[in-house]
Amino acid sequence: MLYTRRELGKLALMAPAASRVESPLAALAQARRPNSVIGGVSIGTITYSYRSMPDQSAEATLRYVVDSGISQIELMNGPAESFAGAPQGGRGGGGGRRGEPPTPEQQAAQRESAERLKQWRTTISMDRFKQLRRMYNDAGVTIYAWKALNPNMSDPEFEYVFNVAEALGCTHTTLELPTDAAQLKRIGAFADKRKIYAAYHTHLQGSMTAFDQAFAASKANMANIDLGHYVAGTGESPVPFLRKFHDRIASVHLKDRQTPAHGAGNLPWGTGDTPLKEILQVMKKEKYTFPASIELEYDVPAGSDAVKEVGKCLEYCRAAL
């Protein structure tokens, strides 16, 4: 349920006066349609930001996104694949107590679960993913990327990831940055063939040279650089990276981290060392079209939740722009 019975009831009473609207639900969707493009800068979020929320379904995730005021997202694979009917459970637990390694039985269960998921991924129709896209788009939310790709996947699994990206309307699919040149070349070849970018995410390894190997391997290899992690890893501003590589960036992640000298903490926006305002203003001035994804990683304060905090981050962006 994206809307409450009370909200639908109110709109049902209004429906006769709104002859152009097909239904009360459509009226409410239109009235609450989010818009997080600010001054020409596309502000989105990665749905990982909502990992602390109780319901991780695709429907609930959409409600979180809309309630945060966000109109474009990088979608994690969990809600998407769950909606499409992926096999659940069977991972056999993470291991024994107090960090003990998994038992042989648990390892066998994990292998069995992985094989079931692989079989599902390589045989599933794209119809449910297309339905998911329509549901999000109808609520005013565009899916610009989804995160599921793993360099160790087989070719049929690669095809699945890019098929889903196409079905969802993504411009790119995201994954962690590998260090192996052969993997970067293989991934780039798939991305180039499908005309959907492979965008690599960085943590503390982000730097002015971190993507050199990926960029050289394929024109379809792009950056999904985390600008907060960049500050925590280098102690430097990421603005020079934006200016130099703006044409090789598919999207960026925004968070406010400290420099190593200050502890590299992940803090509420405006209290760390990441030059968020400057980043956003440079994106506006230079008319960069790649989206900037809010990634909520600081501790959610008591009495709040992830939806409210993503909304606060969006308002920070609005004020900065």
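Modeller: A contact means that heavy atoms lie within 4.5 Å. The structure discussed here is a predicted model, in which local features need pLDDT of at least 70 and side-chain atom pairs count only at pLDDT 80 or more, while totals for chains, interfaces and linings use all residues. Residues are numbered from 1 along each chain as its sequence is written, and side-chain values use heavy atoms, with hydrogens and water left out.

Biologist: Among the contacts in the chain with a separation of 6 or more, what percentage comes from residues 24 or more positions apart?

Modeller: The count takes contacts with a separation of 6 or more in the chain. Residues 24 or more positions apart account for a share of 73%.

Biologist: Which residues of helix H10 are buried?

Modeller: Helices (H or I, at least four residues) and strands (E, at least two) are DSSP runs, numbered from the N terminus. Buried means under 20% relative accessible area, exposed over 50%, and partly exposed in between (1.4 Å probe, protein chains only). Helix H10 covers residues 227-234 and is mostly covered, with six of its eight residues buried. Those residues are Leu227, Gly228, His229, Tyr230, Val231 and Ala232.

Biologist: Which residue caps the N-terminal end of H10?

Modeller: The backbone nitrogen of Gly228 lies 3.0 Å from a side-chain oxygen. A polar contact is a pair of N or O atoms within 3.5 Å; within protein, one must be able to donate a hydrogen and the other to accept it, and residues adjacent in sequence count only if both atoms are side-chain atoms. The oxygen at the cap of H10 belongs to Asp226.

Biologist: How are helices H3 and H6 oriented, roughly parallel or roughly antiparallel?

Modeller: Helix H3 (residues 58-68) and helix H6 (residues 127-138) pack at an angle of about 25 degrees, with their axes 11 Å apart. Axes are lines fitted to C-alpha atoms, for helices over the stretch in contact, and angles run from 0 to 180 degrees between N-to-C directions. Angles under 35 degrees count as roughly parallel, over 145 as roughly antiparallel, 65 to 115 as roughly perpendicular and the rest as oblique. The angle therefore makes H3, relative to H6, roughly parallel.

Biologist: Is Lys195 buried or exposed?

Modeller: Lys195 sits in the loop between helix H8 (181-194) and S6, and its phi is near 60 degrees, a positive value in a residue other than glycine. Because its relative accessibility is 64%, Lys195 counts as exposed.

Biologist: Is Ala264 buried or exposed?

Modeller: Ala264 lies in the loop between S9 and strand S10 (266-267), and its phi is also a positive value, near 60 degrees. With a relative accessible area of 19%, Ala264 is buried.
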